[in-house]
Amino acid sequence: MLRQRIITAAWLAPLMLAGLFGLSGGLFALFTAGIVLLAGWEWTNLAGIRRRDHRLMLVGALAAAILVLWLSGAALAAWPLWLGVAGWLVNLYWVVHYPARGDQWQSPPRRLAMGLWVLLPAWVGLNVLRDTGAAWLLFVLLLVWCADIGAYFAGRAFGRRKLAPRVSPGKSWEGVAGGLVATAVLAVVFAAWQGLGLGGGLALLLATLAVTLVSVLGDLLESMLKRYRGIKDSSQLLPGHGGVLDRIDSLTAALPLFALLLLGVL
């Protein structure tokens with residue numbers, strides 16, 4: 001498994017870096033749309049859609065929605081980001097009350113609708129951040145990675161109190177604290193690098209802590225859906241790593257909020 005993970009990472013990492021930071025405008029939107037459509041294919045499985053032709057039609061509908069957002073100019077607008085934030089508030093309610101409120105979301109149509117307010121605002125967030133400059137896109141990617149790494153090591157070393165045992169038994173409040181410390185350090189370093197000054201640095205720090213907490217919710221939501229479906233990974237599209245959603249679940253939650261904060265605060 002380790003060998004397969006390394007092989008996959010060896011070709012995937014350069015491809016992602018080239019696409020995310022080497023492209024801009026329409027080409028960047030097209031590249032990231034491809035990632036979202038792969039995630040959409042996996043989401044149809046999480047939603048309980050089993051027939052391949054039905055799954056393909058649903059992915060086609062997602063592609064049409066992306067095209068409409070692009071042609072209408074909404075790919076760089078704030079309203080899809082607000083839709084995403086509102087959707088994640090609903091997701092939070094369902095994760096906190098799992099499994100008691102499962103009847104509110106467990107039908108396939110409702111899980112599919114959930115995927116729309118997870119995936120589409122995330123794609124818009126990518127475009128907004130890339131439009132403001134590669135530095136902020138880099139920052140939110142580093143934020144999610146640092147949060148994961150900090151949570152992993154803090155959880156391993158100090159984890160005692162379970163965060164959401166019915167959703168993801170391995171996660172702890174100590175891990176969340178470790179992720180917050182790691183991303184706070186990142187924010188301080190990034191603020192100094194960008195020359196944001198005291199006010200801008202403080203705004204970035206507060207935004208970073210908020211987005212870090214939201215990124216944890218992204219991980220928990222996918223864990224809840226996979227637990228309900230009885231599967232370990234969203235797919236096997238990335239050998240040794242699971243699926244696309246397994247790699248971007250935290251990012252889908254972080255992107256809309258950070259993009260909104262960037263547009264309105266930083």
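Guide: Let's start with a definition: the expected span of a helix is 1.5 Å times one less than its number of residues. Helices here are DSSP runs of H or I with at least four residues, numbered from the N terminus. This is a predicted model, where local features need pLDDT of at least 70, side-chain atom pairs count only at pLDDT 80 or more, and totals for chains, interfaces and linings use all residues. Residues are numbered from 1 along each chain as its sequence is written, and side-chain values use heavy atoms, leaving out hydrogens and water.

Visitor: How far does helix 8 reach from its first C-alpha to its last?

Guide: Helix 8 covers residues 197-229, which is 33 residues. At 1.5 Å a residue you'd expect 48 Å, and the model comes close to that, with a reach of 48 Å.

Visitor: Is Glu222 buried or exposed?

Guide: Glu222 sits in helix 8. Buried means under 20% relative accessible area, exposed over 50%, and partly exposed in between (1.4 Å probe, protein chains only). Glu222 has a relative accessible area of 5%, so Glu222 is buried.

Visitor: Which residues is Glu222 in contact with, leaving aside neighbours within four places in sequence?

Guide: Contact means heavy atoms within 4.5 Å. With those sequence neighbours set aside, the partners of Glu222 are Leu46, Ser234, Leu245, Asp246 and Asp249.

Terms used: Helix = DSSP H or I, 4+ residues; strand = E, 2+ residues; numbered from the N terminus.
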